[in-house]
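Please look at the structure below. Some questions about its labels follow.

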Amino acid sequence: MILTTTPTVEGYPVKGYCGLVCGEVIAGVNFVKDFAAGLTNFFGGRSGSYEEELINAREQALQEMTQRAEQMGANAVVGIDIDYEVLGNGGMLMVSASGTAVCI
């Protein structure tokens, strides 16, 4: 499965459009990671625990989107957009990935 943010895949003409596909993940950040991120915020620097949560959530959203594209018979997803949102009072992170499933 080819995944790209571009509207086409260079060298591969689009033979058919299968439709819009999305993958969504809502991940909770536990108290320990939230506390550690708070210390990082106070003292400065990067929050490795939050970065790890973002990476995992993004990969899961892309994987879910890929599975849905495969179910539609696609072998590529073009025009991918990834969005991040914080839900509630900061304890939940939502990552959504969307794109167009195509056959190339």
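Labels and their cut-offs

Q: Where does Thr5 lie?
A: Thr5 sits in the loop between β1 (2-3) and β2 (16-28). Strands are DSSP runs of E, at least two residues, and helices are runs of H or I, at least four residues, both numbered from the N terminus. This is a predicted model, in which local features need pLDDT of at least 70, side-chain atom pairs count only at pLDDT 80 or more, and totals for chains, interfaces and linings use all residues. Residues are numbered from 1 along each chain as its sequence is written, and side-chain values use heavy atoms, with hydrogens and water left out.

Q: Why is Thr5 called exposed?
A: Exposed means over 50% relative accessible area, buried under 20%, and partly exposed in between (1.4 Å probe, protein chains only). Thr5 has 60% relative accessibility, so Thr5 counts as exposed.

Q: What is Thr5 in contact with, leaving aside its neighbours within four places in sequence?
A: Thr5 is in contact (heavy atoms within 4.5 Å) with Gly79 and Ile80. The C-alpha atoms of Thr5 and Val77 are separated by 8.4 Å, though these residues are 72 residues apart along the chain.

Q: Why does Thr66 count as buried?
A: Thr66 has 13% relative accessibility, and therefore counts as buried. Thr66 belongs to helix α2 (residues 48-71). Beyond its neighbours within four places in sequence, Thr66 is in contact with Met1 and Leu3.

Q: What makes Met92 partly exposed?
A: The relative accessibility of Met92 is 36%, so Met92 counts as partly exposed. Met92 is found in strand β4 (residues 92-103).
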